[in-house]
Every structure is written in structure tokens, then in C-alpha cells.
Amino acid sequence: MLKVAIVGKPNVGKSTLFNRIIKVNKSIVDDKPGITRDRIYANAEWLTQHFKLIDTGGLMLDEFDFKKQIELQVNYAITEADVIVFLVSYKEGINNDDHYVAKILKKHKNKKILLAVNKSETRNKDSYDDHEYLRFGFQKPYFISANHGIGIGDLLDAIVDTKLKEIKEEDTFKFCIIGRPNVGKSSLVNCILNEDRMITSNIANTTRDAIDSNFKKDNLLYTIIDTAGIRRKGKIQENVDKYAYLRVEQSISRSNSIVIVLDGSEEFNEQDEVIAGLAHKANIPSIIVVNKWDIVKEKDEKTMNKFIKTIRIKFKFLSWTPIVFLSAIENKRINTLFNEIKSIRENLNLKFNSKILTDLVFKLQMLNSPPLFNRGRIKINHVTQVDGQIPTFVLFCNNPEYLHFSYARYLENEIRKSLGLNNVPITLYFKNKTDKIRGKKNDK
């Protein structure tokens, strides 16, 4: 797929242009320069042509916080991109920072570079002031306004004019990384991808956006989503933090699984439980990762079991969730995490015949008879599996109102255990046996 990177100095409107093209407010937009620090990916489309768009952090000549890390991320984006949109600002004019960016781009002679002059809504269309921009040596500039949508079509025409071989992508399994600030989420992503994909430091909240990275393992395609650290609501003061919190919720909503990262070197606190609650609410498979296992003091053969017992007590609403211990910074025990991810992926693809399911539930009813509830006793006659994000089963019965919640929990636990779905949540729907399921074909 064609890849397009937006590059420029801070505050020229890169994230605004990114959001305008993808038609979603994915990149954080703020007047304060330096908000975007990592490179951010999204799918875009123009005139039936699909391409991958990459937003990047701002480049500056002078020294500033995270300069080296941001330049590293921008260089990664430039290297993998087929087209680069060099964005400058008509409103602020050209300065040394723009020339600094141009100097970096000129080193990549094999790339198609499009010069776009943003914030040009006040420019006279009959003006002949483009000579200043021609000095960059990137041919005729495109005068646009990302904020007002002016000139975006012409720029997109030039982008999709680049002809590339279309690569058919496989279905990807998406999992997001969530947790408190500074528990090592980005370090874990870097470790899995084996590159400095995210900016990491010991300063909390280094990651501000949710960032997607695709990779292949064992001929399967995965997407890992790194998210900003979730702080207590009382500490969410800046607009940037609120946006980041929303990005976390959005990342969860488009994921197949969630990796909850805890700091093993500290005691688990109330905020960890709140974050785990987001995973429980989403009702999709989750994995609890105890990171920084390398710096846990006074470990012995019983230490891990003590941690597991504590986690099971604090996060009892995620009783089915696997727990792994690792050190992202030292690249230790990462295979234990990926083994669980692969197991979950396999579990979510399992399909069961209705006869097998019905026989199983008949057996469970014989072993443990349903209690009398609401003046009746539930009797389940038929079970079938339907499509869902997690394994989803419909149980046809005489009357769903006769079901006591404790018996529903018994059936859920036993079905999960009997079918080998120990590490994923499942959903049971109880319906009157006279009801029909739309779109469900009878098993042959």
C-alpha cells in the first residue's frame, strides 16, 4: 500500500492536515508545539485509491526536549514512506527551521516530495509570491488550508498519482497496550517490534497519542497499539490529557484483545484497578502483564505465586485473564506474552457444532439441576454458536425469566472450561425456544 508521510517544523498544521485527510480526529491538535512526538498511522482514501498516512513530530534546528527521539521517528517515517508532504506555513512564513527540514528531505532523492503551503486561506489567488517556495527545489508548491479544506483535493490528486503495486493485506489481529503512565508500555512495544518505534523515557506521559504498528509473526499479521498512560481523573487537567484518554477508549473499541501493563516494582494501586475495569467493560480478551520483573527485589520460587494471588484478589472481575511476568527493558520473557496472544487469537477463531454444544449443556443440567426461580425452572433445549467479537452462544430455553444469575455463571464457567476457552470471555444469550435467530443457518 502507498505510504505518505507529513513532515515539517512544529505548529505548521501537520496533525490538522492528517485529520482532514483521514476525516477523523485521530491526531491530537493543539496550538502548543511539540504535541505529536511519535509517528501516527491511519488509512486514507481519495478517488477510490487507498493509502497509508503518517503524521510525524515537528523538526527544529535548535535543541529542545525529545529532539533526538522525534528526529529518529521522523527518519523512520521518511524511510518507509513513498511520498512525503513537506508542510510549511504561509501565515508564519519561512524560517531556518523550514530550511533545516528541507535539508533533511533532500538527502532522500528517491522519494517523491510534495511541498504544501498551509494556512494560505488569506493569500490572494492572483499572487505570484511562490518564488520563495520554489527555492526549496521541490517544484511548484500546493497552497492549502487544512483548517478550511482549501486546496486539499489538488494535493491528494498529486499523492495518489504515484503508481505502486497493490499489496493485499491479511486480516490483522489488533491488541492495545494500556496502563498507568511510566509502567513501560512503549518499552514493551519496542521490544515486541525490535525497534525504537515509540519514544521512551523515564518521564511519565511521554506517549500522547494512540499509535498503531503492524508486524508479522509466524506468517500472521498483527497490529499493536500503544496508548497514553491513563492518569487519575483528578489529574486530567489539560485538553491534551483528555484527548489522550479518549484515544485509549477508542483504541480499546477497535482492538481484538487488551494487554494491561502493571509495574511489578511498585504496589498495585486503585488506578490499576480502574484501568483493568476498562478492559472488563469492553468484554474482550485481556492479558495482565507484570512488567519490570527484573528489578523486583528478593525474588524466590514463591514470589510469582504471591503476585498472582494478589492480582486475582484485586482483579477478580478478570478471573479468566492470563498473567505473564516479563522485563521489556531487558527483553526477558517476552515469549510468554506472545504465547498468550497467539492462544487468544486461536480461541477466538474456534467454531463449535450445535450438537456438541447442546449435548454439553444437557450434561451440565444433569450434573447440576437449575434452581427454582420466578416460580419456574429453566430448561435449555438447544444451543448454537453465532458470530461475535468473542465466542457467543445462544441457549434456547422454556423461559429466560426462570434463569437465576448464579446458574448463568455456572454454565458460563463450565462451558468455557469444557471448550478450552479458559483465557477468553464468552457471551451467553438465553432466548425463548420459539424465537429465531436472524441470519443463523442450521448446522449440517
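1. Cys397 counts as buried, because its relative accessibility is 0%, where buried means under 20% relative accessible area, exposed means over 50% and partly exposed lies in between, with a 1.4 Å probe and protein chains only. Cys176 is likewise counted as buried, at 0% relative accessibility. A disulfide is a covalent bond between the sulfur atoms of two cysteines. Taking a disulfide as a pair of cysteine sulfur atoms within 2.5 Å, the count comes to zero disulfides.

2. A word on the basis of these points: this is a predicted model, in which local features need pLDDT of at least 70 and side-chain atom pairs count only at pLDDT 80 or more, while totals for chains, interfaces and linings use all residues. Residues are numbered from 1 along each chain as its sequence is written, and side-chain values use heavy atoms, with hydrogens and water left out.

3. Helix H3 covers residues 96-105, and seven of its 10 residues are buried, so H3 is largely enclosed by the rest of the structure; helices here are DSSP runs (H or I, at least four residues), as strands are (E, at least two), and both are numbered from the N terminus. The buried residues of H3 are Asp97, Asp98, Tyr100, Val101, Ala102, Ile104 and Leu105. Their cover includes strand S1 (2-7), helix H2 (67-80), strand S4 (83-89) and strand S5 (112-118), with contact meaning heavy atoms within 4.5 Å.

4. How do H2 and H3 pack against each other? Their axes are 12 Å apart and the angle is about 45°, where axes are lines fitted to C-alpha atoms, for helices over the stretch in contact, and angles run from 0 to 180 degrees between N-to-C directions. That makes H2 oblique to H3, since angles under 35 degrees count as roughly parallel, over 145 as roughly antiparallel, 65 to 115 as roughly perpendicular and the rest as oblique. H2 passes H3 in a right-handed crossing, a term used if the near helix is turned clockwise from the far one by less than a right angle, and left-handed if anticlockwise. Lys67, Glu71, Asn75 and Ile78 of H2 make the contact with Tyr100, Ile104 and Leu105 of H3. By class, the contact of H2 with H3 has four nonpolar, one polar and two charged residues, where Ala, Val, Leu, Ile, Met, Phe, Trp, Tyr, Cys and Pro count as nonpolar, Asp, Glu, Lys and Arg as charged, and the others, Gly among them, as polar.

5. Helix H11 (residues 354-367) packs with helix H12 (residues 405-418) at an angle of about 130°, and their axes are 11 Å apart. H11 is therefore oblique to H12, and H11 passes H12 in a right-handed crossing. On the H11 side the contact is made by Leu360, Val361, Leu364, Gln365 and Leu367, and on the H12 side by Tyr407, Tyr410, Leu411, Glu414, Ile415 and Ser418. The residues of this contact of H11 with H12 divide into eight nonpolar, two polar and one charged.

6. Helix H1 (residues 14-22) and helix H5 (residues 152-160) pack at an angle of about 80°, with axes 12 Å apart, and H1 and H5 are therefore roughly perpendicular to each other. Here Leu17, Arg20 and Ile21 in H1 meet Ile152, Leu155 and Leu156 in H5, and the residues of the contact of H1 with H5 comprise five nonpolar, no polar and one charged.
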